[in-house]
2 protein chains.
Amino acid sequence: MNISITKTAAPKQKPDQSHLGFGIHFTDHMFIMDYTEGKGWHDARIVPYGPMAVDPSAMALHYGQAIFEGLKAYRTANGEILLFRPEKNMQRVNNSNRLLCIPEINVDDCVQAIKELVKVDAYWIPSAPGTSLYIRPFIFASEPALGVRPAHSYQFVIILSPVGAYYKEGINPVKIYVESNYVRAVRGGLGEAKTVANYAASLKAQVEAKEQGYTQVLWLDGVEKKYVEEVGTMNVFFKINGEVVTPALTGTILPGITRMSTIELLKKAGVPVSERKITIQEIYDAHAAGKLEEAFGTGTAAVISPIGEFSWNGNVIKVNDGKIGEVSQRVYDTITGIQSGELEDTFGWIQKL
Amino acid sequence: MNISITKTAAPKQKPDQSHLGFGIHFTDHMFIMDYTEGKGWHDARIVPYGPMAVDPSAMALHYGQAIFEGLKAYRTANGEILLFRPEKNMQRVNNSNRLLCIPEINVDDCVQAIKELVKVDAYWIPSAPGTSLYIRPFIFASEPALGVRPAHSYQFVIILSPVGAYYKEGINPVKIYVESNYVRAVRGGLGEAKTVANYAASLKAQVEAKEQGYTQVLWLDGVEKKYVEEVGTMNVFFKINGEVVTPALTGTILPGITRMSTIELLKKAGVPVSERKITIQEIYDAHAAGKLEEAFGTGTAAVISPIGEFSWNGNVIKVNDGKIGEVSQRVYDTITGIQSGELEDTFGWIQKL
């Protein structure tokens, strides 16, 4: 794919690496590509980061026809730039696109677009331990028309944000509120797409959980309010009696790339792992029997987020005395080690720029 | 509320009134108001219609924190401009806002904003029979930040589109596909909000129904796939053995303003009407017993859309021989008569500009 590059005439001041936060600062450039019906994806370009001219009737603003991705670029100790499984994110774009009636992208072209943009803004990749460059590709329906139907024109955009270390003072397991009222997604809905609707549906539950002192919610299935789905914006794993279990991909949860990597890593390490339906009752029963050994979320932002406590309809249980478990720590160390280039990548996950 | 007005220097060519379509043409101006945390809603202004400068990280494009409304202005035979229950739409904005964690608006201020904007673009209101000026207020999270949480800044925008007669050659009842696979919204979700997520979730079912020759889908509840919810983007009514029934507002369907008006109108006319749970099986049983007399959708675009046929898991039934029913016709004639100023408004629904 031919990508035209227009460099900014006014580079921004880079933020202090010790106070990056998440998704607050953006780099000097962005990638844009247009889709027009009959013409396909065209006009791939890297341009200075800045506001886009969006028609007030752009369909994404009205009917939510939009999807996104999230991945990271890492700078190694010797200055190399690494990407973690970017092809998986771009493949997932097409899964999301199919559910949202958005025209598919060319996976290789879009991985190339990520690489070119990261190269142009390589200067922005932070190097302090735990920091990285968050990459946010997204597609939105840009056609200026009102009427509920798939749009005829779209934009594919990639923006970059230098982000801070998720855990600044060691990993602190989080408290999770098991959500019995609100539903994120249901069978026959958009749960397995990385699309705006699922995040909009999560806001109110998240706000109410925070007000009660919880970090995230654990979503249950929308039909029976019985099966465990995801935790906040992460996939969820449990270690019960020596076996690691995680909800199967039945269409209502996001097929996470950190989830996939965790499963592959555990299998290679000989840890029993299974993807299946898990009821919240089973988790509580395992705890009562002294067999709930660990619980953790997986996602791009934190990689591994250990869970120290659950609250379900007023019943509170502690996991592993509120401390990070051995498997959680090992998965965290291995994946972040491979991502930062400190550990050898025996999986073929890393792409060097 | 003080609204500043900046008129366009380059008015557009008005489209031919006989080929307006829906949501294709937009007028010369739009209303914009900003929300900033700590400052509230501010800077109400009418400005020339045109692209907005939207940051690529604007939260609405990523997390779907956005809601909208739809209503119409009508030009009467003697040149007056009428609005139909605009306060109900602005009250519904706040219902939607609460579910989406968007700060509430002032209902009176926003009705005023609609009126001011319609006055500025009054020249655009078409006068041919059945035509009107569609009014689209919407709010979107404009804060430039990535991170799943309610935004700290928003824009409230109103745009206007002259729209054609929905029924050009008499009312033709539509064929409806009863959706047993995809789900629009579920208990605990966003179904009763007029928000982008619900429309995104409807696209694929709609495309597949069209491919099979159906105009719209009839949504069933997401839990049991048993109860009738909405039809396409409209509320749905049935006349069974002399009684008009419509699904109760249990949180998963849109509280339609045409729905509300239809119920009020039927009650005043002495037609038995009830809001309750209705199974799709009940509709089919009523048909088999010769008691399904009419079926119709209600919404702002078509007002009344009679249903001539249902297909549920391959079982096809015809309603009233595929013709519009007497009650459907009467509701249509009364509401459109009041909207156009041809019938006296005995309900207090109309606001004159």
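Predicted model: local features only at pLDDT ≥ 70, side-chain atom pairs only at ≥ 80, totals over all residues.
Let's begin at the interface. Here 58 residues of chain A are in contact with 58 residues of chain B. Putting the two chains together buries about 4,700 Å², with carbon and sulfur atoms giving 69% of that. On the chain A side, A:Leu61, A:Leu146 and A:Leu203 lose the most area to chain B, together making up 15% of what that side buries. If you tally the polar side of things, you get 20 residue pairs in polar contact between the chains (both at pLDDT 80 or more), but zero salt bridges. Several elements of chain A give two or more residues to the side touching chain B, among them helix 2 (86-100), strand 8 (132-141) and strand 9 (153-163). Sorted by class, that side has 39 nonpolar, twelve polar and seven charged residues.

Now for the core. The largest nonpolar core holds 135 residues, and the ones touching the most other members are A:Phe31, A:Phe156, B:Phe31 and B:Phe156. Helix 3 (residues 107-120) of chain A supplies the largest share of this core, eight residues. Zoom in on A:Phe31: beyond four places in sequence, its contacts include A:Ile46, A:Leu117 and A:Phe156.

Last stop, B:Thr76, which sits in the loop between strand 6 (71-75) and strand 7 (81-84) of chain B. B:Thr76 counts as buried because its relative accessibility is 8%, and the cut-off is under 20%. Its side chain makes a polar contact of 2.5 Å with that of B:Asn78. Setting aside neighbours within four places in sequence, B:Thr76 is in contact with B:Leu82, B:Ser340 and B:Gly341.

Note on methods: Residues numbered from 1 in each chain as written. Chains lettered and ligands numbered in written order. Heavy atoms only, no water. Helix = DSSP H or I, 4+ residues; strand = E, 2+ residues; numbered from the N terminus. Buried < 20%, exposed > 50% of the residue type's maximum accessible area, 1.4 Å probe, protein only. Polar contact = N/O pair within 3.5 Å; in protein donor to acceptor, adjacent residues only side chain to side chain. Contact = heavy atoms within 4.5 Å. Core = buried A, V, L, I, M, F, W, Y, C linked by side-chain atoms within 4.5 Å. Buried area = accessible area lost by both parts, 1.4 Å probe. Salt bridge = Lys/Arg side-chain N within 4 Å of Asp/Glu carboxyl O. Nonpolar A, V, L, I, M, F, W, Y, C, P; charged D, E, K, R; others polar.
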